[in-house]
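Here are my notes on the model you sent over.

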Amino acid sequence: MAIKALVFDMDGLVFDTERVVQRTWARAGAELGYPGMENVIYHTLGLNRRRRTEFFREYMGEDFPDEEFSRRTRKYFYEIAKEEGIAVKKGIRELIVFAKERGLKLAVATSSSEEHASGLFKNAGLYEYFDAFVYGNMVKNSKPDPECYRSACEALGVSPKDAAALEDAPAGIEAAYRAGMKPIMIPDLAKVTEEVEAMAWRVCEHAGEVMDLLLTNVC
């Protein structure tokens, strides 16, 4: 059960961004005549831009103004980030340092774009801790497809069976499970379902519990 690498999701796992995004979806949706978009976000957690656009067409209809909605939500996100900042989730910074000090390889596998994700990590002073990044624009298939996690393990030079994936969303847990990794769920907006529990190696309430796991499962 030795773990040689950790691969982190980003939104809702490293950064407390999903609640910010929820606020931007509520505002943009209301402005464009689609109230309640803050609830639609639950169906898109873990999806990259392409897959999210497909979802909008299927769920909201062909007339949904995806480009304008995305433009407004990005604008509002960066306004909030500038005014309020984007917080690192509780215990995550300590977990990253803890894992690095013990010689684990670290990667990020996120559905977000390189520009957006790298900016968040650099602003938080966390970018240099990671050995590899797999961004949403670098893969063809979105989570729950395992492509991003397989790519992250390949970039780190480790077998998926020797790596744990940290996730907050069911789509990410399924992606890591299908990649042959050890999925660890730290819930944020999404609920822990029986299906998620069946795929997860562990379900932790916070990052501190992951450090306890590493103490007994690090190679």
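**Notes on the fold**

1. Let me start with Phe-69, which is buried at a relative accessible area of 0%; buried here means under 20% relative accessible area, exposed over 50% and partly exposed in between, with a 1.4 Å probe and protein chains only. Phe-69 lies in helix H4. Helices (H or I, at least four residues) and strands (E, at least two) are DSSP runs, numbered from the N terminus. Leaving out residues up to four places away in sequence, Phe-69 touches Trp-25, Ala-28, Gly-29, Leu-32, Met-37, Phe-56 and Phe-64, where contact means heavy atoms within 4.5 Å. From Phe-69 to Leu-6 there are 63 residues in sequence and 34 Å in space, C-alpha to C-alpha.

2. A word on provenance: this is a predicted model, in which local features need pLDDT of at least 70, side-chain atom pairs count only at pLDDT 80 or more, and totals for chains, interfaces and linings use all residues. Residues are numbered from 1 along each chain as its sequence is written, and side-chain values use heavy atoms, with hydrogens and water left out.

3. How do H1 and H4 pack? Helix H1 (residues 18-31) meets H4 at an angle of about 135°, the axes being 9 Å apart. Axes are lines fitted to C-alpha atoms, for helices over the stretch in contact, and angles run from 0 to 180 degrees between N-to-C directions. The two helices are therefore oblique to each other: under 35 degrees counts as roughly parallel, over 145 as roughly antiparallel, 65 to 115 as roughly perpendicular, and the rest as oblique. H1 passes H4 in a right-handed crossing; that label applies if the near helix is turned clockwise from the far one by less than a right angle, and left-handed if anticlockwise. Contact residues include Trp-25, Ala-28 and Gly-29 of H1 and Phe-69, Tyr-76 and Phe-77 of H4. By class, this contact divides into 8 nonpolar, 3 polar and 6 charged residues. For the classes, Ala, Val, Leu, Ile, Met, Phe, Trp, Tyr, Cys and Pro count as nonpolar, Asp, Glu, Lys and Arg as charged, and the others, Gly among them, as polar.

4. Helix H3 (residues 49-59) also packs on H4 (residues 66-84), at about 125° with axes 11 Å apart. H3 and H4 are therefore oblique as well, and their crossing is right-handed. Arg-49, Arg-52, Thr-53 and Phe-56 of H3 meet Asp-66, Glu-67, Phe-69, Ser-70 and Arg-74 of H4. That contact splits into 2 nonpolar, 2 polar and 5 charged residues.

5. Thr-44 sits in the loop between helix H2 (37-40) and H3. With 6% relative accessibility, Thr-44 counts as buried. Neighbours within four places aside, Thr-44 is in contact with Trp-25, Arg-52 and Phe-55.

6. Now the largest nonpolar core, which has 34 residues; Leu-6, Phe-8, Leu-95, Phe-121, Phe-130 and Leu-214 touch the most other members. A nonpolar core is a set of buried Ala, Val, Leu, Ile, Met, Phe, Trp, Tyr and Cys residues joined through side-chain atoms within 4.5 Å. At least two core residues come from each of strand E1 (5-8), helix H5 (92-101), strand E2 (105-109), helix H6 (114-123), strand E4 (163-167) and helix H10 (207-217). Another core, of 19 residues, lies apart from it, and Ala-132, Cys-153, Ala-175 and Ala-179 are among its members.

7. Leu-95 touches Leu-6, Phe-8, Leu-166, Ala-207, Val-210, Met-211 and Leu-214, not counting residues up to four places away in sequence. H5 and H10 pack at about 20° with axes 8 Å apart, which makes H5 roughly parallel to H10. Their crossing is left-handed. This contact has 9 nonpolar, no polar and 1 charged residues.

8. Leu-126, in the loop between H6 and E3, is buried at 0% relative accessible area. Its contacts, leaving aside neighbours within four places in sequence, are Val-14, Val-88, Arg-93, Ile-96 and Phe-121.

9. One for your geometry checks: a cis peptide bond joins Lys-143 and Pro-144, with omega about 20°. Most peptide bonds are trans. Pro-144 is in the loop between strand E3 (132-134) and helix H7 (147-156).
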